[in-house]
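Notebook open. I want to look up the helices, domains, cores and chain contacts here, in that order.

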Amino acid sequence: MSSGVRTSRLHGHRPDIWSLVIFAGFAIVAIFLIYPLFDVFRYSFLDKVTKTLSLSNWKTFFSKAYYLRAFWHSILIALLTTFFSMVLGIPLAFFTTRYRIRGTNLLNTLSVLALLSPTFIGAYSWITMLGRNGFLRLFFQSIGINLPPIYGAFGIVLADSLQYYPFISLMTAGALMTIDRSLEEASENLGARSMKTFFSVTLPMILPSVTGGALIVFMMSLSNFGTPMIIGGNYLVLPTLAYNLYTSEISQTPGMASTVSIVLMLCASVVIVLQQWLSSRRKYASMLVNRPVVKRLKGIKSLLAHLLCYFIVFFSTLPLAVIVYYSFRKTSGPVFKPGFSLDSYRQIFFDVPKTVMNSFLYSLIAVLLIASVGTLLGFVIARKRNAAVRVLDPLLMIPYMVPGTVLGIGFIVAFNRPPIILSGTATIIVLTYFIRRLPYSVRSAASILKQIDPALEEAGINLGSPPGRTFRTITLPLMQGGIISGAIMSWVTSMNELSASILLYVGKTMTMPIKIYLSVADGYFGTASAMSTILLVVTGLSMFIVNKYFNRGSDTFIAA
Amino acid sequence: MASIQIVDMEKHFGEVQALSGVNLEIEKGEFFTLLGPSGCGKTTLLRTIAGFYHQDKGDIYIDGELINNVPAYQRNTGMVFQNYAVFPHMTVFDNVAYGLRVRKLSKEEISRKVSAALKSVHLEGYERRTPDKLSGGQQQRVGLARAMVIQPRVLLFDEPLSNLDAKLRIEMREEIRAVQKSLGITSIYVTHDQEEALVISDRIAVMQQGVIQQIGKPWEIYRNPQNTFVAYFVGKINMLTMRLDEGAEQGLRRATLGNLSFLVPSEGTEGMHEVIAAFRPEDLIEAAKEGSQNEITGILKTVSFMGSLARFELNVEGQEITIDRHRPREADMPQKGAAVSFAVPTQSMLLFDPKTGRRIGKGGRR
């Protein structure tokens, strides 16, 4: 039994290390989130010419088709991407969980790899395949099919859907695997046919997970910068519009870039709020007494199911394979020549070793920061729910709803003038990685802690171990696996970060994603491919390590 | 000098008063139980002694030392947790050695003490096992060994057996009792299981709504409850509200309930017109054919055969009472719906004030 609420656990009311952590949490939020975001907000209400408070930027936004069009483009792209992700994801989830499909693990691994690979790589790969002289386009032309031009909405939706559908398939598969079989049996026992059972029992049960996944896809697609930047051409969406505006307003106040950023952030916030509301509203607890049975299909049915699953995953990993292939092709400057060589790799290590170094170094420093700060803040949130922490908790989640482009613009306007000047430094890049990733790390640490019985810490204290020693000898070892696998995921996302850092880099702080983008823009596909391959290998290896050594399934990757 | 002393303790969580006016003295080596329903404050009191909560008011003394401001990790109490709280990332040996390592004992001493502790809870040879390879009962033995090996000033048990199955629970409570007695460590034991409390304790404090209702030896708590709550909570009891006639004779007073008439002890009933008469199911005797004093006749509602006893539920003048018959014989079992008669010996009756629920008079059969 527990008597009432368990408050003020362990340490009573004395100020201790945890008060310091809470204070640090507030400081981080104030300096690196509120301050830059408020600056963006302020600039959107500042007249460009008179530098006084005005609605002129907002009037411009709502009166010029140029701006409004980007808004509708963003919504349309996000909607279409969500739709196609569901079309790909739900059947894949259903077949791989309910029927015996050979190599399901391989399919899962490949689709997660597609999900985690940098978005701009997929986009750029589709250009090589479906661009003006792309081999796939030529192939389709030879059989009489003329595809729409890859630059624009078609390309963005294609690349985005094939990148993000695993969110849907993994979340749906998770739900399908935890439905209590007795429910479906009950329906059949009451006389419903299997189709009727699927639509009246199974589908409603998995719907919360499907919609949860769909909202994530919508959100990711909405704030994605890399894909529309590379493949969008003149088809502007909010993130690319904000970026373009920022670069064109470089000599003046970034009024329009700020206004577009605020609009983008508002859209993202609506989605996040919707998602939170939805996930709190409907969840079916499963007792998992009866796991669903995996049925065996025979003959043609089995063949068709296999074909469908492999086809979906094959198409999502095809861009990655193409990139790896091109990275080993012979090149001469920007031109590919017949035959294979390591030219592109040699070029990277001779020409831009610093770029590669930067990527590894910045990500490493960021990850150390993310893991340590995230763990401490996660501990505070899970274990010390006082008034201050209750305020801090939602504040720490702000980065969820700040697209990278918006954070980048915020950082650059806020930190290029006193009191804090960071523009052009490596610090500002590391800080973006840190801030963007912090909420995931805090959440994951807190959820790991929620699975650790507080009585274990109390036992340590009771046996005479002071709070610090108890944290070190009991709590930390129990959290270790979760922290390290979370850190590895943070490392992957930091290595692949483009949308904020592209606004903040200078020559000496260039990173691989930025270099890939620039190489693609300049037509140096060989270098871009080789560098992309390096990022893919890093991503794949990290996934492998998390899977192998921390025994965590695909869920980690979508939660991460 | 008392081993543990609690003086005027108060504790509230938000609006909820978890402890109010708690005073306790526990003797050295005593096995003391806090018994009550969930939410009564027993766990709060235990956790306050351990230092996990801080009281709003009042003092805690251990061996005469005021420990109000001593942090939990310096109180030297050994706690056994409800859900074992065995460290999952350590072996059995490391679990038991944890407190000794904090105390910086030598390697040899740690190894000697851990072995002795594991022996006393019958876990020799389990040193290298990890907790996930242990049953619930074994995990709780590790918890017990870990708590007692540090030779705490007091052992604190927070419902340690509630997660075990019934048979194991009975086995373990004997063991806990035996180990505690052989070590002579003062112990405070929290439970909501009244049978467990009666079996294991030297003394029991019955709690309700943050207030200690009664402190006493198991016999006293069962046979001499000081209010209706204690009477109800510990064991099963029948309560009949009766009208008192005027006038007493030879220490007895007549009371009526419908057509039934009783003689109840008059002590303390002066000026009262109504009284609750309470008696345990096993205290009723069969009525004589020619009629008995304090005879109760009622309609049999249910008959439950429970092996060693048979339990009858009777409807008496609109009130339900329970009667237990030990060593029942099939031939003697009355049928449901039959009118049956029993008698309550006057000396088995406990009287309570219907307004306050407090006991009237002294005594009660030991």
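I started with helix α6 (residues 135-142) of chain A. I counted zero buried among its eight residues, so α6(A) lies largely in the open. Buried here means 20 or more other C-beta atoms within 10 Å of the residue's own, exposed means 12 or fewer, and partly exposed is in between, with C-beta atoms placed from the backbone. Helices are DSSP runs of H or I with at least four residues, numbered from the N terminus. Just after α6(A), I found Gly144(A) with a positive phi of about 90°.

A note on the source: this is a predicted model, where local features need pLDDT of at least 70 and side-chain atom pairs count only at pLDDT 80 or more, while totals for chains, interfaces and linings use all residues. Residues are numbered from 1 along each chain as its sequence is written, and chains are lettered from A and ligands numbered from 1 in the order in which they are written.

Next, the domains of chain A. I have domain 1 (13-37 + 337-560) and domain 2 (67-327); the bounds come from an automatic or database domain assignment. Their centres, over C-alpha atoms, are 24 Å apart. I looked up the contacts (C-beta atoms, placed from the backbone, within 7 Å). In chain A, 35 residues of domain 1 touch 38 residues of domain 2. On the domain 1 side, α23(A) gives the most, with twelve residues. That side has 22 nonpolar, twelve polar and one charged residues. I count Ala, Val, Leu, Ile, Met, Phe, Trp, Tyr, Cys and Pro as nonpolar, Asp, Glu, Lys and Arg as charged, and the others, Gly among them, as polar.

Then the cores. A nonpolar core is a set of buried Ala, Val, Leu, Ile, Met, Phe, Trp, Tyr and Cys residues joined through C-beta atoms within 7 Å. The largest has 149 residues, and Ala242(A) and Ile409(A) are among those with the most contacts inside it. Helix α7 (residues 153-178) of chain A gives the most to this core, with 14 residues. Both domains of chain A give residues to this core, so it lies between them. Beyond four places in sequence, Ala242(A) has contacts that include Val260(A), Leu264(A) and Ile409(A). I also noted a second, separate core of 104 residues, which includes Ala97(B) and Phe342(B).

Last, the chains. I found 24 residues of chain A in contact with 30 residues of chain B. On the chain A side, α19(A) gives the most, with six residues. That side divides into twelve nonpolar, nine polar and three charged residues.

Methods. Contact = placed C-beta atoms within 7 Å. Helix = DSSP H or I, 4+ residues; strand = E, 2+ residues; numbered from the N terminus.
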